[in-house]
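Student: I have a model open on my screen and would like to go through it piece by piece. Can we start with the ligands?

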Amino acid sequence: LNAIYSALPTTIFEVMSQLARTHDAVNLGQGFPDDPGPLDVRQKAADAVLNGWNQYPSMMGLPELRQAAAAHFRHWQGLDLDPDTEVMVTSGATEALAAALFGLIEPGDEVVLFQPLYDAYLPLVQRAGGIARLVRLEPPHWTITGDKLKAAFSDRTKLVLLNNPQNPTGVVHSRAELQLLADFCLRFGAYAVCDEVWEHIVFDGLRFEPLMAFDGMRERTVKISSAGKIFGMTGWKVGMVFAAPPLMKVLSKAHQFLTFTTPPNLQAAVAYGLGKDDGYFTAMRAGLQRSRDRLTDGLAGLGFRVLPSAGTYFLTVDLSAHSNAPDDEAFCLDLAKTHKVAAIPVSAFYAQDAVRNVVRFCFAKNDATIDKALERLSHLR
Ligand code: PMP
Ligand code: GLN
């Protein structure tokens with residue numbers, strides 16, 4: 001049996017959702033919206049299933065989706081991507097991550113990762129033979145600094161894996177932090193794999209900036225997006241990867257033997273959806289921002305110290321401000337079982353030296369769901 005997988009626990013998202021089902025808890029753990037997603041995009045998928053092509057689409061993705069993706073990211077992020085050679089469709093961002101890491105890492109290569117880290121990253125890096133160099137970010141601002149990067153980068157660094165906007169903290173890294181990271185990549189000849197699945201979900205008028213757009217990064221960055229996040233339909237598992245042709249060639253070789261392709265009907269619907277008016281995307285942001293504020297205000301009213309969330313579906317709470325604070329994991333277990341609200345302990349996003357006083361809540365929910373969770377949380381004190 002493979003030692004890496006044998007030693008792995010079941011992902012915290014599955015554990016907490018299972019616990020929520022068992023205890024009939026309000027599930028603010030795993031990140032998925034209450035909203036069913038845009039009706040027209042779902043209708044397109046249904047039409048494509050009923051009337052469209054249901055056989056293998058091309059390995060790189062439907063041409064119309066690759067074109068729509070290139071146009072979408074030109075419009076939203078100013079990127080100039082060739083749909084024929086620089087865009088690939090994958091089965092979720094998760095497969096894109098696997099293809100990027102398996103395609104780029106040689107055994108013994110060092111990979112710089114930031115903690116808290118999305119739980120899929122480390123096992124993929126390790127399975128590819130990479131050696132993780134962990135950079136520990138700390139609450140409340142989770143800032144990337146030059147000192148931290150200096151301690152992690154070396155001549156053996158093959159790549160850095162960045163998640164921005166960041167799950168679980170809701171941080172959107174500043175231009176200065178991104179410039180610093182780009183400088184390190186250039187100085188050490190490292191690639192950047194950028195998990196930007198939360199790119200559309202930024203608040204307070206923030207403008208998301210892809211690392212690929214920074215000087216010198218165009219040829220050394222792999223950008224990863226997720227239709228599941230762009231349209232708030234997390235079960236769709238349609239991912240998109242963007243990279244310069246020499247990188248894409250290798251990534252496509254990994255992709256061809258991971259999944260080879262992705263359901264064509266969903267691809268057709270995503271191609272349509274990416275062309276929706278700006279209004280759709282700005283309304284999605286505004287709705288989520290209102291939900292963020294509702295949960296933030298409610299939690300603050302109950303005496304919780306809420307850390308700022310500038311993007312994603314998530315906000316975090318610092319438990320150390322709370323009376324008789326247990327660690328985050330014990331807190332979440334008790335919360336789900338006794339008070340019937342599921343949340344995610346942020347220590348699950350650390351491989352070592354975990355921060356143990358922070359809990360993540362998903363606010364991508366109806367007002368009624370948020371209010372029900374708050375009512376249950378009010379009995380905590
Ligand atoms: N990366 C991050 C940071 C995520 O939060 C998620 C899922 N929420 C994924 C990757 C996986 O995306 P997908 O469902 O498209 O595989
Ligand atoms: N990315 C989602 C979250 O952070 C969950 C993904 C999963 O369940 N694997 O909640």
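Student: Which element gives the largest share of the shell around ligand 1?
Tutor: Helix α5 does, with 3 residues. Helices (H or I, at least four residues) and strands (E, at least two) are DSSP runs, numbered from the N terminus. Before going on: this is a predicted model, in which local features need pLDDT of at least 70, side-chain atom pairs count only at pLDDT 80 or more, and totals for chains, interfaces and linings use all residues. Residues are numbered from 1 along each chain as its sequence is written, while chains are lettered from A and ligands numbered from 1 in the order in which they are written.

Student: Which residues come nearest to ligand 1?
Tutor: G92, A93, T94, N167 and S226, out of 14 residues around ligand 1. A residue is near a molecule or strand if its C-beta atom, placed from the backbone, lies within 6 Å of it.

Student: How does that shell divide into nonpolar, polar and charged?
Tutor: Around ligand 1 there are 3 nonpolar, 9 polar and 2 charged residues. Ala, Val, Leu, Ile, Met, Phe, Trp, Tyr, Cys and Pro count as nonpolar, Asp, Glu, Lys and Arg as charged, and the others, Gly among them, as polar.

Student: And what surrounds ligand 2?
Tutor: T11, F13, Q30, G31 and N167. That shell has 1 nonpolar residue, 4 polar ones and no charged.

Student: Back to α5. At what angle does α5 pack with α10?
Tutor: About 120°, with the axes of α5 (residues 92–104) and α10 (residues 245–256) 8 Å apart. Axes are lines fitted to C-alpha atoms, for helices over the stretch in contact, and angles run from 0 to 180 degrees between N-to-C directions.

Student: Which residues meet there?
Tutor: From α5, A99, A100, F102 and G103; from α10, V250, L251, K253, A254 and H255. Two residues are in contact if their C-beta atoms, placed from the backbone, lie within 7 Å. The contact of α5 with α10 divides into 6 nonpolar, 2 polar and 1 charged.

Student: What else does α10 lie across?
Tutor: Strands β2, β7 (221–226) and β8, and α10 runs at about 20° to β2.

Student: What is the strand order in the 7-strand sheet?
Tutor: β2-β8-β7-β6-β5-β3-β4, an open sheet with mixed pairing. Two strands pair if DSSP finds at least two bridges between them.

Student: Why is one side of β2 and of β4 left without a neighbour?
Tutor: β2 (87–90) and β4 (131–136) stand at the edges with a single partner strand each, so one side of each has no neighbour in the sheet. The twist averages 20° from one strand to the next.

Student: How many bridges pair β3 with β4?
Tutor: There are 6 bridges between β3 (residues 110–115) and β4, in the parallel sense. V111 has A132 in β4 as its bridge partner. Helix α4 (residues 63–77) also packs on the sheet, touching β2 and β8 (239–242), and its direction makes about 115° with that of β2.

Student: Changing topic, how is the chain divided into domains?
Tutor: Into domain 1 (3–37 + 279–380) and domain 2 (39–277). Those bounds come from an automatic or database domain assignment. The C-alpha centres of the two domains lie 24 Å apart.

Student: How many residues are in contact across them?
Tutor: 37 residues of domain 1 are in contact with 36 residues of domain 2. On the domain 1 side, the elements giving two or more residues are α12 (278–301), β10 (314–318) and β13 (358–362). Helix α12 gives the most, with 8 residues. That side divides into 22 nonpolar, 9 polar and 6 charged residues.

Student: What does α12 lie across?
Tutor: β9, β10 and β13, running at about 15° to β10. These strands belong to an open sheet of 4 strands in the order β9-β10-β13-β12, with antiparallel pairing. β10 and β13 are joined by 5 bridges, and V317 stands opposite V359 in β13.

Student: Last one: where are the cis peptide bonds?
Tutor: One joins P139 and P140, with omega about 5°, and P140 is in the loop between β4 and α7 (146–152). Another joins N164 and P165, with omega about -10°. P165 sits in the loop between β5 (157–163) and α8 (175–188).
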